[in-house]
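Me: I am new to this structure and would like a close look at the charged side chains and how they pair up. Could you also walk me through where they meet metal?

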Amino acid sequence: MIKLASQLEGIRTVAIAGHVRPDGDCVGSCMGLYLYLKENYPSLETDVYLEEPKEGFSYIRDLDQIQTICREEQTYDLFITLDASAPDRIGVAFSCFEHAEKRLCIDHHISNPGFGDINVIVPDSSSSCEVLFEMLEEEKISTDCAAALYTGIVHDTGVFQYSCTSSRTMTIAGILMDKGIDFSHIVDESFYTKSYVQNQVLGRCLMESILVLDGKCIVGVVNEKDMEFYGIQAKELDGIVSQLRVTRGVEAAVFMYQTSAQEYKVSLRSNGAVDVSAIASYFGGGGHVKAAGCTLQGSSYDVINNLTLHIEKQLREKEIL
Ligand code: AMP
Ligand code: MN
Ligand code: MN
């Protein structure tokens, strides 16, 4: 495993960026690295670029240092992407990424082609936070940095539940705990706590969800007008797909929310039999075998038809349908 320190020789300016619609692993890894560099390499000029994270992450130190706009002419010695599976996922800082002297890509997505000059991509790893942890010097990780890294591991493992959780993941979580983090608060604040309207939208989406493919696939949709009615933002909708997935008998869960008249952002989850990364990649997205995403054009019916055809094909191949 490449160590971070070996990549910092001769470097003066560093940019850190995650992916569009940042999730817990994205925010946790970007902020964990930012804090680590600030604390251990104070002579480096480090900037962190992200879209504004959702409210639940406010316990992470220096969240107010996040920059949401990147000046195109800025040239960094080193640009580090975390949890971004493809260049088009970088979002706000993409032009700076292009202009950087050296690009280091740290990730755990199986669909990542390795778009950096140097790539540390570990598909078996639970999270980008876990990959990053392995690149750092353990004794240089502060309590604040540990809290950020723990956040990412918690989110991408569904609180140590998903099959991406390994004994090494638990060991790392233990090491981070020993740094003195308030782990119960982190899990509650960033993962479980939802606003009243978030719960209302979750309830409504579940109530209106449909079972297709003989009960093997569940689909939940949130339209633009629902989001307007409840005054809810897209970043507040995560977690809905997880609830859909745990419906008994279901092999695949599809959650989609409308992003414009004829466009839906889709989240796919699998209970094992279906490779949702392959389906998301086919439609121009990506992700992991059991959790992936993409954006599709058309009406909600078009999108559901297109996706379920692929899910059906995989289920038939495995003779589950
Ligand atoms: P989501 O359903 O959006 O929470 O995403 C599930 C997983 O798929 C995450 O690891 C995302 O980073 C990845 N993912 C989601 N959307 C895309 C996309 N359009 N392209 C590539 N990867 C994606
Ligand atoms: Mn992510
Ligand atoms: Mn991740």
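**Charged side chains and a metal site**

Reply: Let's start with R71, which is partly exposed at a relative accessible area of 49%. In this scale, buried means under 20% relative accessible area, exposed means over 50%, and partly exposed lies in between (1.4 Å probe, protein chains only). Before going on, please note that this is a predicted model, where local features need pLDDT of at least 70 and side-chain atom pairs count only at pLDDT 80 or more, while totals for chains, interfaces and linings use all residues. Residues are numbered from 1 along each chain as its sequence is written, chains are lettered from A and ligands numbered from 1 in the order in which they are written, and side-chain values use heavy atoms, with hydrogens and water left out.

The partner of R71 is E73: the two form a salt bridge whose closest N and O atoms are 3.3 Å apart. Here a salt bridge is a side-chain nitrogen of Lys or Arg within 4 Å of a carboxyl oxygen of Asp or Glu. E73 is exposed, with a relative accessible area of 55%.

Another pair is R61 with D62, at 3.9 Å between the closest N and O atoms. R61 is partly exposed at 43%, and D62 is also partly exposed, at 23%.

Next come R168 and E134, whose side chains meet in a salt bridge at 2.8 Å, N to O. This pair links distant parts of the chain, 34 residues apart: R168 sits in helix 6 (residues 167-177) and E134 in helix 4 (residues 128-135). Helices (H or I, at least four residues) and strands (E, at least two) are DSSP runs, numbered from the N terminus. R168 is partly exposed, at 35%.

Salt bridges can also join up, as R204, E208, K225 and D226 do in a network. The whole structure holds 12 salt bridges.

Now for the metal. The manganese ion (ligand 3) has D25 (OD), D83 (OD), H108 (NE2) and D156 (OD) as its protein donors, 2.1 to 2.2 Å away. Donors are N, O and S atoms within 2.8 Å of the metal (3.2 Å for Na, K and Ca); water is not among the atoms, so sites may look incomplete. Along the chain, the donors of this ion follow the spacing D-x57-D-x24-H-x47-D. D83 also bridges to the manganese ion (ligand 2), and the two ions lie 3.7 Å apart. D25 belongs to helix 2 (residues 24-40) and D83 to the loop between strand 3 (78-82) and helix 3 (94-99), so this pair ties together parts 58 residues apart in sequence. D25 is buried at 0% relative accessible area, and D83 is buried at 1%.
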